[in-house]
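These are my notebook entries on a structure I consulted.

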Protein chains: 2
Amino acid sequence: MDKNEALAVLADVQRKLFAFNAASSSLYLDGVTVAPKDTSEGRGVAQGVLAGEQHKLMTDPALAEALAVLEGCRDELTLLQRRQAEELGRAVKQLTRIPAEEYMEYAMLTNEASDVWHRAKEASGFEMFRPCLEKLVAFNRKFAGYYDPDKAPYDALLDEYERGVDMAQLDGFFAALREKLVPLIRAIGEKPQPDDSFLHRHYPAEAQRRFSDYLMEVLDLDRTHCGIGETEHPFTLEFTNKDVRITTNYKEDDVSSSMYSVIHEGGHARYELDITDDVQYTCLAGGVSMGVHESQSRFYENIIGRSRPFVEAIFPKMKEFFPEQLGDVTAEQFWRAVNKVEPSLIRTEADELTYCLHVMVRYEIEKALISGTLEVKDVPETWNRLYKEYLGVDVPDDRRGCLQDSHWSGGSFGYFPSYALGSAYGAQMLRNMEKDMDVWGPVGRGDLSQVTAWLTEKVHKFGGLKTPAQIVENACGVFDPTAYTDYLTKKYTEIYGL
Amino acid sequence: MDKNEALAVLADVQRKLFAFNAASSSLYLDGVTVAPKDTSEGRGVAQGVLAGEQHKLMTDPALAEALAVLEGCRDELTLLQRRQAEELGRAVKQLTRIPAEEYMEYAMLTNEASDVWHRAKEASGFEMFRPCLEKLVAFNRKFAGYYDPDKAPYDALLDEYERGVDMAQLDGFFAALREKLVPLIRAIGEKPQPDDSFLHRHYPAEAQRRFSDYLMEVLDLDRTHCGIGETEHPFTLEFTNKDVRITTNYKEDDVSSSMYSVIHEGGHARYELDITDDVQYTCLAGGVSMGVHESQSRFYENIIGRSRPFVEAIFPKMKEFFPEQLGDVTAEQFWRAVNKVEPSLIRTEADELTYCLHVMVRYEIEKALISGTLEVKDVPETWNRLYKEYLGVDVPDDRRGCLQDSHWSGGSFGYFPSYALGSAYGAQMLRNMEKDMDVWGPVGRGDLSQVTAWLTEKVHKFGGLKTPAQIVENACGVFDPTAYTDYLTKKYTEIYGL
């Protein structure tokens, strides 16, 4: 096989992977949006076959040969070709380390676990989910050894979600957050809270839908390439950089819920839509890592969306959508309300400041589970203890405790830290952005085009053409959590007059 | 390869075909329902790959060997196994005649054509669509030669949609219709028309949606297994016998439009939902042919849905959904209005009687296009001339003329006759059903369970366990168009007092 043949194999495999992925996404999207209730069986069979075909494609000896050929002529490749070979090569290497039977067994386990978790959460009974979680942890400990036997198991898993990140870095990162944020939250607790009762007036879904359309305009999300749907849990799903879908969930008694979901998912969508055409239909399409993706969604949601200039810019228009509900409310009141800090039970509903503490609880538990220092049976007790310790709240039941997130049931251990890392990356990006240009003037006029242009140039456009570490370096410089703690301290000191 | 190995290959291939089909359907469904406007490119690439994978699967030498082994031990197979081997064997034979590259090129072409057709229709400009249609016709002429070089090309295509049907039979069938129906329509033209102005009062989409829910109940369509969506053109799509989707289109100035779409598509869905579990995930899943499928949809829509007993049964309930619009209307008036005969421009809006003439226009044009006696550029002129000749109407533009249907843009040539054949099958089924049981008593009480039970027993349950010809024979006896012309003559003689 010569270089050109190897490149042809690479292109063919990637095109097929794209297609199987798109097919799988489409079946998933259907399942969570319009599919009738009792129809999962057929989609399950189809998804199983598609997963099997993807596995077959990735473990095909012809691909291994092509990758070896390209490895041998690395210097003759264009950047685009080289990065494809690197990323696909890495994925193949990781996948082929897992014996095929274990891989299939695991696919079936996660499928079952997702079901069991749903029922356990509904019943608020951790014991129902415990046997599944034990198996999931055992598999992941084993997989970690396959991925990199020289690393501590949890480090090997972290590396799968956010390349280059490890416990040493995260322990330092979270310690810095704990040190700065816990006193900040305590100080806020002693201050009077802003009135946010007007957020909970009646906001009809229909008016909220029109408001979403407006928000998508503000984010410059071209509706001919970006759709918006409704699901229980908001998410973003990309087919290509010309076809992205976001979803939201309308709560008629909380206008800020969908509003910030749309801006958050809109940030993910913005990233996907801004990626260069060059990488489409290849393994370099899509955002580069979970952490970088979350940095973008949370940048638009929190750093921009909950800023005073942004709220002031859009509030007059917002009042047109909700004249009765917001007639007696000022932009300043609204801004204070959407920045109210209150330790709570549910991560996805947490405010910007306490959010990272929710992530920290999960990090500590995952680390201990995968390291083998915590038994699965002790998860609820540990969860509840850490919530009390970090957030000062009492967890009343498993549904609002250790069963609240779907991640573990899907087999993701090492994903959660990306949420906190993303927030920290975002704060560093803001610091650099402010050096490069006037951020808040345009944002204060409701014009995000320059913010988006900066992020596109530093982050979005590359897709996987750079590694996650290169992107972070490119947009943030050397990772420095104090940018994040400084940002939060400054913001909340002003809001709460500390 | 022994018998059991061959059966294992057969099972594996069919499961994969199911998955690729489901994936492809899901992408299609997304495209015509929720996908943003300019996103067809990615789905086109995915559909192309999926079509290629299906092609590879069907042309795999291992499958050919398995089919040969099973052919050799035909007598040892169960009916289920034998029919799978027969149908898959036939499909493989037809497909392996088409070169793989042409097959993939065609898949991409139909995807693009669907988009172009949509835009051409919107702009009412046939010229926009002409280049696509030329390519589609050229491909189909070539495919016809691959399917059966001994047949006239259009006969070869007809055989793909309705096994055993050819131009000789259809020419006779349509001649019989023309002979009986044209004078009938002429006689009706001299009679006073019923007042149907109340159908065109304002019927809000939201109330129509609730009315659809009721109609689905009447058809006993279990909503946990059968969804209803909204598209420009109503259709039915099945994943399995546990997951069927229908769509409709609400016209606020015509309550009968969506009403009869729902009953029509509901008939298709009824068929799919009633198919035995035994054939799921095999090539025998789904209705046996287009003609038999249309016989069911049109049976529910016209023979039942536009019958006096049915209208009388549901009309009181219908008035509850539309109290203002139908307060002054009687069931008899409504029944007469939805059976008004009036030559018109749009096939899907045509009345039961003139409908077949719309099909006949398409049949004549397809026959000439595929036979090579008509050029694509002359389609609009021919279309308009035939509409004048058969229906006596002047076609004002392409949107309401030759661009009205999606079939050709999807690559279907030879499909249209199935609509007329299905109507004829239905009339024969009614004749037999009336011999077996009291049809109209229960229908007059709004109870379709016995009609559905008869159709399930004679048609639905088999899926592909019998051939189309066997199903028609089973439910109709020997094909006889006079059952259809008699049915129409009797019905309209009563309505118009001829």
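Entry 1, domains. I began with the division of chain A in this predicted model. Chain A splits into domain 1, residues 3–150, and domain 2, residues 151–498. I noted 26 Å between the centres of domain 1 and domain 2 of chain A, taken over C-alpha atoms.

Entry 2, where the domains touch. How many residues of domain 1 of chain A are in contact with domain 2 of chain A? I found 38 residues of domain 1 of chain A in contact with 35 residues of domain 2 of chain A. On the domain 1 side, the elements that give two or more residues are α1, α4 (79–96), α5 (100–123) and α6 (126–147) of chain A. Of these, α6(A) gives the most, with 12 residues. Sorted by class, this side of domain 1 has 19 nonpolar, 10 polar and 9 charged residues.

I next turned to the contact between the chains, where 33 residues of chain A meet 33 residues of chain B. Which elements of chain A each supply at least two residues to the side that touches chain B? I listed α1 (3–32), α2 (40–58), β1 (226–230) and β2 (236–240) of chain A. The most comes from α1(A), which gives 10 residues. By class, I recorded 16 nonpolar, 8 polar and 9 charged residues on the side of chain A that touches chain B.

I examined helix α11 (residues 290–304) and helix α17 (residues 417–436) of chain B, which pack at an angle of about 60° with their axes 7 Å apart. I noted the crossing of α11(B) and α17(B) as right-handed. On the α11(B) side, the residues that meet α17(B) include Met290(B), Val292(B), Arg298(B), Phe299(B) and Ile303(B). From α17(B), the residues in this contact include Tyr419(B), Leu421(B), Tyr425(B), Met429(B) and Leu430(B). The residues of the contact between α11(B) and α17(B) divide into 9 nonpolar, 7 polar and 2 charged.

I located Asp115(B) in helix α5 (residues 100–123) of chain B.

Conventions. Residues are numbered from 1 along each chain as its sequence is written. Chains are lettered from A and ligands numbered from 1 in the order in which they are written. This is a predicted model: local features need pLDDT of at least 70, side-chain atom pairs count only at pLDDT 80 or more; totals for chains, interfaces and linings use all residues. Two residues are in contact if their C-beta atoms, placed from the backbone, lie within 7 Å. Helices (H or I, at least four residues) and strands (E, at least two) are DSSP runs, numbered from the N terminus. Ala, Val, Leu, Ile, Met, Phe, Trp, Tyr, Cys and Pro count as nonpolar, Asp, Glu, Lys and Arg as charged, and the others, Gly among them, as polar. Domain bounds come from an automatic or database domain assignment. Axes are lines fitted to C-alpha atoms, for helices over the stretch in contact, and angles run from 0 to 180 degrees between N-to-C directions. A crossing is left-handed if the near helix is turned anticlockwise from the far one by less than a right angle, and right-handed if clockwise.
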